[in-house]
Structures are given as C-alpha cells and as structure tokens.
Amino acid sequence: MAKGIKIYNKPAGGWGALKAVAEAVREEMGLSTHTRALLQMNQPDGFDCPGCAWPDPEHTSSFEFCENGAKAVTWEATSKRVTSEFFETHTVSELWEWSDHQLENQGRLTQPVRFDAETDRFVPVSWEEAFSRAAEALNNLDDPTQAEFYTSGRASNEAAFLYQLFAREFGSNNFPDCSNMCHEPTSIGLPKSIGIGKGTVTLNDFEQADAVFCIGHNPGTNHPRMLRTLADVSKRGKPVVVINPLRERGLERFQDPQSPGEMLTDSATGIDRAYLQVKVGGDVAVFKGIMKSLFDADAKDMAAGGSGLLDRSFIAEHTVGFEALKSDIENTDWDTIIRRSGLPREQIEALTDTYASAENVIFCYGMGITQHRHGTEAIQQMANLLLLRGNMGRPGAGICPLRGHSNVQGDRTVGITEIPNEAFLSRLDKAFGIKSPRAHGHNAVNALAAMRDGRSKTFIGLGGNFAVAMSDPKIAYDAFRSLDLNIQIVTKLNRTCLLTAHETIILPCLGRTEHDIQETGPQSITVEDSMSMVHASRGGLKPASDELRSEPAIIAGLAMATLPETAVDWKTLIADYNQIRDKIEAVFPDFFDFNERIQQPGGFRLRVGASQREWDTPDGKAHFLVMSGTDEDDGRDDTALTLTTIRSHDQYNTTIYGLNDRYRGVHGRRDVLFANRDDLADLGLEEGDVVDVRSGDRVLAGLTLVDYSISRGSLATYFPEANCLVGLDDKDQESEVPAYKSIPVTITKAEVSL
Ligand SMILES: Nc1nc2c(c(=O)[nH]1)N[C@H]1C(S)=C(S)[C@@H](COP(=O)(O)OP(=O)(O)OC[C@H]3O[C@@H](n4cnc5c(=O)[nH]c(N)nc54)[C@H](O)[C@@H]3O)O[C@H]1N2
Ligand SMILES: Nc1nc2c(c(=O)[nH]1)N[C@H]1C(S)=C(S)[C@@H](COP(=O)(O)OP(=O)(O)OC[C@H]3O[C@@H](n4cnc5c(=O)[nH]c(N)nc54)[C@H](O)[C@@H]3O)O[C@H]1N2
Ligand SMILES: [Mo]
C-alpha cells in the first residue's frame, strides 16, 4: 500500500470522531473557552454552527454538535493571533510560498492592515484610513460596474443585506458569490421546474419518508449531523439508496456519538440498502434510465389491469410537459444510458423498483450533482422523476439540496444576486429612497473574466478565498494583481489576501462565536438553513481582538466613506440590528414580523410554495423539462477518464485543518489520486505509482495512486489543489457553475518519482 494509506473499516461517527474533537480543541484553545463555545452551539440563545447548513432538530434543547462543526468552531475560536509583529517579520513574497494550511494556522487577524509595496509588507492602518483609501479607489472608477462585490456564504442575513444595499446604491449588480461555485444549478434550474430554487422538505419529512436517495454528497464529512437522520430512516426499515462513484464510509455505516448505548456496545447502523457506483458525471443518464424503466413498468401494470405506477391525477392537476418528457425518454436508448452511467441495466431497473415501491420519496443531493457541465439538467431530471410519482409537496416526499456554507441560502434570499428582478429592486428603492441599477451584473465566472480583461478594477470580498476556490487559479492570480483595489473582509489570512493590487487592504471581522456589541448593546444576527428555517444566532466569546469590527459595521463604514451623499441612515442601522431586520421585512414580505418571529425558539420557516403544491412558475404549474444533455455531443470522449474533486475529512473548503482523510484511509498527505484497480491495470499502473494528471494543456504533477473503490473510468482527488486543471470556460452552460467534478484527464507515470 502507498505510504499513509490504511483501509478504514470502522463506522463513521463513533469514538474516533469524539477523539478527533478533543484533539482539535486541545490544540486550538483552552479548555474553559472550548466548553463554553461548544455548549452554546446550536442552542436557542447561542450561536449557529458555522460548519454547514443542515438544520437542527427543533433548534431548541438537544446539545447537538458534530466532529466537523467542532473543528469549525475551534478553528475560529483559536488562541493563535496574527499581530503587527507577524507582518513586520514576514514579507508578502515570503508568505506567498507558505501553504494554505500554514497561512490560516497563524490564527485570527487582529487589526486592519494595508499592503506597502516599498517594503513588501502589510502595515497597520486605522479603520478610518482604510475606509477612505477604499472609497478613493471606488470613486475613481470610470463606472460603478467596474466593481465586484463577492460574498462567501457565512455572512449573516444582516451583513448580506447591507452589502447588497451598499453595492446597489453605489451602482453595481456585480455579486459573484460562493453559490456560483456551489448550488447555482439549484437556484437556476429548480425554479423552472417547481417555482423555487430551494429544498421542499423539512426534517419532519425524513420521519415519514419511505425511501431516501442520497445522490452525490458525502454527509459523513460535510454534513455529519445528517447521518443520524439517515440512520433513523434505516432503523425504521426504509431503504436509503446511494448514488456515488466512491464508496463513502458515512453512507455505509454510522455510529451515533449522541447515543451512548450504540457507542458502548460498538454497534453501528448500516445506512445504505443499495450503493450504486455511477460513473463520474453519469447521473443524468441514471435518472433517464430510471424514468425509462418506470414508463415500461407503468405500461405493463396498466396492461395487466392495474392503475399504473405514475401519479396520474397529480400530473393532470399540477403539471405541464408530460408528453414531451415521455417521448424524450422513449427516444433515449439503453445503450447510451448504460454507457454514460456506467451501470448495468439490471441495477437501474432494481433502483426503479425501489423508487416505485416507496410511497413517499426524498432525493438529497450535493456537489456530486451540481458541479458538472450538465449540473442544471441533472437537477431538472431529478425533479422530473419526483414529479412523475407526485413526490413533491406532500409529507415524507420532496427534494433536498444540501447547502454548503451555513448561510449561503439566506444570503441569496436577502438580495445577493447578480440577476435581481424588478419587483425586488423597486421595493428596495422605495424602502431606502435610492435608485438601484437595473442592468444585470457578474456571477463568479463573469467577474473573474472581467477582472482578467481589465473591465473590472476593484474587488471586495465579504469572507471567503475567491482566488483559490475558483477554477483556473492562474487567471485569478494575474487578474487580482492587476486590480486597483483588493479588499478582503476576513477572519484569517489566506492566499487571496496576498494577491496584492495597487491598493490592498485586509479588514479583520468578528466571527460568529464572538460577542457583537453595538451602540444599543449586544446584537444577534440571523441565518437561514438548508430547509428555509430562519433563526437568530448570538456569539458568546470575547472577540479575538478589541480592534475587530462586525461585518455589518465594516460594510456601513465602507458605505459612508464611499457615498458621502448616501440616502441610507447607516449609523442607525448599525446601532441596532433590529432596524436592519425591519428593513429586510420592508423589502421582502416573506419576512413579516421578522423581529418577533426570531424570538421563538427555533425561529420560523420561510414560505416554500412547492412544499404546499403552490407552484410559483409563470403559469402556476410544475414543469416537466426536456433537455438534450445525455445525447448531446459535448466534445467528450466517453472512454476517457473523468476526474472529480472532493473534500477531505480535514478541510473546510479552502481551509485545510490537517492532512488526514480518516474515512477514506488517508493519513498525513493530500497528494493522492483515487483510482479503480481495473483502470490502472489497463494503463499498466498500480497503487503507489506517482503520476501526472493532464487536462488539455493543464497539468497537476506528482500525485500518488491509491487503489480505491471507485467506478470505472473515474478518478478523484482533492480540491483546491486540482483547481489548476479546470478552465474558466469549463462550466455548466445554464448556471455557469464551474465543472469541478467532470474534468476530462489523462494520467501518465511521472518523469521523476518522488
Ligand atoms: N467538514 C466540512 N463540511 C462542509 C464543507 C467542508 O469543506 N468541510 N463544505 C461545505 C460546503 S461549501 C459544501 S457545498 C458542502 C459540500 O458537501 P458535498 O456535496 O458532500 O461535497 P464534496 O466533498 O464535494 O462531495 C461530493 C460527493 O459527491 C461524490 N461525487 C463526485 N462526483 C460525482 C458524480 O459525478 N456523481 C455523483 N452521484 N456523485 C459524485 C463524491 O464522491 C463525494 O462523495 O459541504 C459543506 N460542509
Ligand atoms: N475543485 C473544486 N473547487 C471548489 C469546490 C469543489 O468541490 N471542487 N467547491 C466550491 C464550493 S461548493 C464553494 S462554497 C467554494 C468556497 O469558496 P469560499 O467561500 O470563497 O471559500 P472558503 O474556503 O469557505 O473561505 C475561507 C475563508 O473565509 C474566511 N472566513 C471564515 N469565517 C469567516 C467569517 O465569519 N466572516 C468572514 N468575513 N470571513 C470568514 C477566512 O478568512 C477563510 O480563509 O469553493 C468552490 N470551489
Ligand atoms: Mo459550497
């Protein structure tokens, strides 16, 4: 076996997970701080876990946290600090050579700094000077649309709302955001099908589901609290079906750390009933295959005098487009389906049987579905399949996109979008007496292209690590270095901060775990989870430094400096965040009685029409949509290898906590390439060989092969290291999400083995 590779045979969760929590905590912070921080997490008067967007049961009593949530909290609440001495000691050229892990591992930023080109160092700057330098660069632009306003999905509703207000009063709709790299196919594709770009289920629905499909997501690492929900479905004897090229431990077996009984007896719940190892990028073919055999089985049942397998009354009352879908599926041949999915017809038929035998079905999905050239199509085909049996808008059934960042859904809800509609803009204008620009703005891919081409000249990042998270980092690095202004509002140092423009400013902000005190006293913020539940979050820890400001306060500071004639009373909004929420309510009617309703333990659920079979489409119907994806020749050779990029167990997006990926058996390294044994044999390669991976002219050199349970024709390695293989134009045609998970590649033995 290759160095650092050890097969992991135990269940996910369990003692191993608890031990990892303890270690993370010991390393990062003192014990008393840690206990306080973890005890406040996901409590009614505590803070929302910054780990993921999976909801909490009732959000009230149970002390629920998971290993990776604890890591996220301890990483933020670390006792390590980046001080002015640090920046005096290290030049930016030197820091550039450090790893992403080393950069963030220096701890929390403590004061505003700006880049001084003469000394090649960041030097302290006062908040007021930072704001006025930023204002100068922004006001020097020929046109406000030369400014990019990036949001990462940790920003609260309050911060995001003020941010879009600032940008729009300034005159730009350029809102690249992390959603553009994540669930954009959901936001773009699902409204056309069911009238809303959000999930339709709540946690209660999982208690009533007769089958749950987990497609292209890895909850053991990325949404660990979901494992318990899935284990409960399994314990009720209902099938959990997995569609994933890799065998993921958390989806096979789970030991509940919140259930001491299970831990003491060392028993684990088997989760999956069927595990289909689809070829990377083959999901559209799977959905079409299921529909094809469903139509066949339905016809047979009808011919035998049965009532069929489709929900005909639902289809008649609630949908349009059925005939077109049916004929498209009839015209798709099995050979194509089998070749594209990599699955035998019998497996697809067995899956159809499971689907059709269950009364109520939930489909859950993540990045394994969205980050493809046909990401939007995959989601719409999933919706087609659900609609055929009326699995939408009734208890125990629906669609469940697993959102990434803890408030990425909320940011969108409160106006972070480059394609705002007129109704929203006119309400915003009316609420503040401003005139928002009407022309649509840039998403992430377009923003980077505009920066590369010199059409955009300033970038403000509200969190995140844009240049590392995006495709084609080379383009991003050069583009940032040619800007007039790069501002990063962050908690920790990262590579995007080091991309120095003419003016480069790092503004350190409070994290979610910390007290946020403004003129009227301590403040709460609000977030929206994956299931449209909105609730308050209040940090309890002492801030990492007295100089930190909250995200809303920083945005207000930038706005007041940049817009001397502003129509917005920023000071009042910042003094009391209830005032911001009143304005959110004025602009978005779904937030009625906002300040009262977040007082309720657990908060409230925003309206999701499709959950009640109210379809907010132009004709009030749900739509079967026909696409040409599976048959379309997109210039790819079906027999080539396709690389997908995944998260390790020790990382949060571009934040690398450590070098282990426990459930996949990888220890102390990330430079590995997971491959199928038979593919390796065909290529004359074997586990432990060091290879170079190529996609066109792009190369990622020196990965060590690991023989892994992965579908044939498929390879996997870690993000963000592999982003150099993804071109900026390699994206879903509809939503423009980068195709991070279907990179056509070839592999060859490295010239020099390491
Ligand atoms: N601890 C931790 N938690 C996180 C994050 C983190 O980095 N660390 N990130 C957060 C964010 S922003 C997000 S968006 C979510 C991401 O959560 P996930 O969506 O679970 O993210 P990925 O690791 O990208 O995993 C995708 C899964 O899809 C599978 N897959 C890859 N290609 C395909 C394919 O073609 N078809 C199918 N069916 N499956 C495929 C992979 O094997 C993997 O199991 O997690 C959030 N939570
Ligand atoms: N190849 C490949 N690329 C991908 C993906 C993939 O699966 N494969 N996934 C994509 C996805 S789903 C996403 S969401 C993006 C993620 O893209 P981003 O959201 O841009 O990246 P993160 O790594 O989450 O951002 C980490 C930084 O956020 C800052 N930060 C942390 N907490 C806070 C806070 O509370 N406030 C503020 N202001 N800053 C904070 C820290 O300084 C930290 O360095 O990456 C995308 N890129
Ligand atoms: Mo994400």
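## Ground rules

In this predicted model, local features need pLDDT of at least 70 and side-chain atom pairs count only at pLDDT 80 or more, while totals for chains, interfaces and linings use all residues. Residues are numbered from 1 along each chain as its sequence is written, chains are lettered from A and ligands numbered from 1 in the order in which they are written, and side-chain values use heavy atoms, with hydrogens and water left out.

## The site of ligand 1

Let's start with ligand 1, which has 32 residues around it (a residue is near a molecule if one of its heavy atoms lies within 4 Å of it). The closest of them are E248, G281, D283, Q651 and N653. By class, this shell holds ten nonpolar, 18 polar and four charged residues; here Ala, Val, Leu, Ile, Met, Phe, Trp, Tyr, Cys and Pro count as nonpolar, Asp, Glu, Lys and Arg as charged, and the others, Gly among them, as polar. At least two shell residues come from each of α11 (219-222), α20 (367-370), β24 (641-646) and β25 (651-652). Helices (H or I, at least four residues) and strands (E, at least two) are DSSP runs, numbered from the N terminus.

Several polar contacts (pairs of N or O atoms within 3.5 Å) involve this ligand. An N or O atom in the side chain of D283 is 2.7 Å from a nitrogen atom of ligand 1. Oxygen atoms of the ligand also take part: one is 2.8 Å from a polar backbone atom of M367, and one is 2.8 Å from an N or O atom in the side chain of R647. The protein buries 99% of the 920 Å² that ligand 1 exposes when taken alone, with areas from the Shrake-Rupley method and a 1.4 Å probe.

## The site of ligand 2

Around ligand 2 there are 31 residues, the closest being E104, Y150, E551, T654 and N723. Twelve nonpolar, 13 polar and six charged residues make up this shell.

T654 places a polar side-chain atom 2.6 Å from an oxygen atom of ligand 2. Nitrogen atoms of the ligand feature as well: an N or O atom in the T645 side chain is 3.0 Å from one, and a polar side-chain atom of Y740 lies 3.5 Å from one. Of the 940 Å² of accessible area that ligand 2 has on its own, the protein covers 96%.

## Two backbone features

Most residues other than glycine have a negative phi, and most peptide bonds are trans. The peptide bond from F719 to P720, however, is cis, with omega near 5 degrees. P720 sits in the loop between β30 (714-718) and β31 (743-749).

R613, a residue other than glycine, has a positive phi near 60 degrees. Its place is the loop between β22 (604-605) and β23 (622-623).

Conventions: Polar contact = N/O pair within 3.5 Å; in protein donor to acceptor, adjacent residues only side chain to side chain.
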